[in-house]
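I opened the notebook to look up charged pairs. The entries below follow the order in which I went through them.

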Amino acid sequence: MEDPEEPDDSAAFFRALGKQIKLLREQRGLTQRQLADRIGYSEDLVSSVERGRRIPQPEYLATVDRAVEAGGLLSVTTEEVARAKANVKHPAFFRTYAKLETCAVEMHEFSIQNIPGLLQTEEHARAVFSLRRPLLPEQIIEERVVARMARQEVLEKWPPPEATWIIEEAVLHRPVGGREIHGRQLEKLLRVGRKRNVELQVMPLARTEHAGLGGPFNLLTPKGRPQIGYIEAQSFSHLIRDPEVVRILAAQYGSLRAQALTPAESLSLIEKMLGDL
């Protein structure tokens, strides 16, 4: 099981930075929407950064600094943000994989129970952590959300990793967090699924059998290193480096891709689900 965790100082730092940004914005008489329009970012991102739930990039800090005429007060925090980001905590059982993920050139995942973490919205992630049993303290929930959102930055780096996901259709029917949150989650799947480096596929319920009945797994290729496998369930995890076992998982994943809906068919199905909500 997971080791007991102490409060994450980096999460407290991001909450304090967010409060500072909010104060500067309000002193300029700007709403979150007005600031978002002025800097060219989404209102959702502005709100999440101010609440300490998203880690601001250096370009974001510089842009906001100019927009609120902070005189470099925000831009000067870039190095501190980078250090705090490096210390964001993941659950103990996940930390080795999370570190390897940051330098991945390829990533593949077959998911049968949950929306993969790299594809989750902030709201969905918070709902998932809030439903954990035994219950997590509120502070740990917020730290986990920050860490999960920070992981997603790997998809924004250049060059981006080649990424594919195969998700069981049943996962997409479960409205975790409620209908509104689920609707925004489906919208995010559509946005990510249209990226040039991403292929998102759905394993349809109508498929009578497929190569993944043994359970979910990940395949990851860190830059300059051999491909590895990863399996996780009930807060237990196993990192697989044995070349023969990784080869078998890769062969299974190839079969799964052939058995799933095509990326185009999958996006069409998700669009239909969204329209039916």
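**Salt bridges**

I looked up Glu 199 and found it partly exposed at 35% relative accessibility; the term covers values between buried, under 20% relative accessible area, and exposed, over 50% (1.4 Å probe, protein chains only). I worked on a predicted model, where local features need pLDDT of at least 70, side-chain atom pairs count only at pLDDT 80 or more, and totals for chains, interfaces and linings use all residues. Residues are numbered from 1 along each chain as its sequence is written, and side-chain values use heavy atoms, with hydrogens and water left out.

I then searched for salt bridges (a side-chain nitrogen of Lys or Arg within 4 Å of a carboxyl oxygen of Asp or Glu). The whole structure has 13 of them.

Which residue does Glu 199 pair with in a salt bridge? I found Arg 257, with the closest N and O atoms 2.2 Å apart. Arg 257 sits in helix α11 (residues 243-259) and Glu 199 in strand β3 (residues 198-203), so the pair ties together parts 58 residues apart in sequence. Helices (H or I, at least four residues) and strands (E, at least two) are DSSP runs, numbered from the N terminus. I noted Arg 257 as partly exposed, at 27%.

Next I checked Arg 33, whose side chain meets that of Glu 43 in a salt bridge (3.0 Å, N to O). Arg 33 belongs to helix α2 and Glu 43 to helix α3, so this pair ties together parts that are ten residues apart in sequence. Arg 33 is exposed at 51%, whereas Glu 43 is partly exposed at 31%.

Last, I recorded a network of salt bridges linking Arg 51, Glu 122, Arg 126 and Glu 142.
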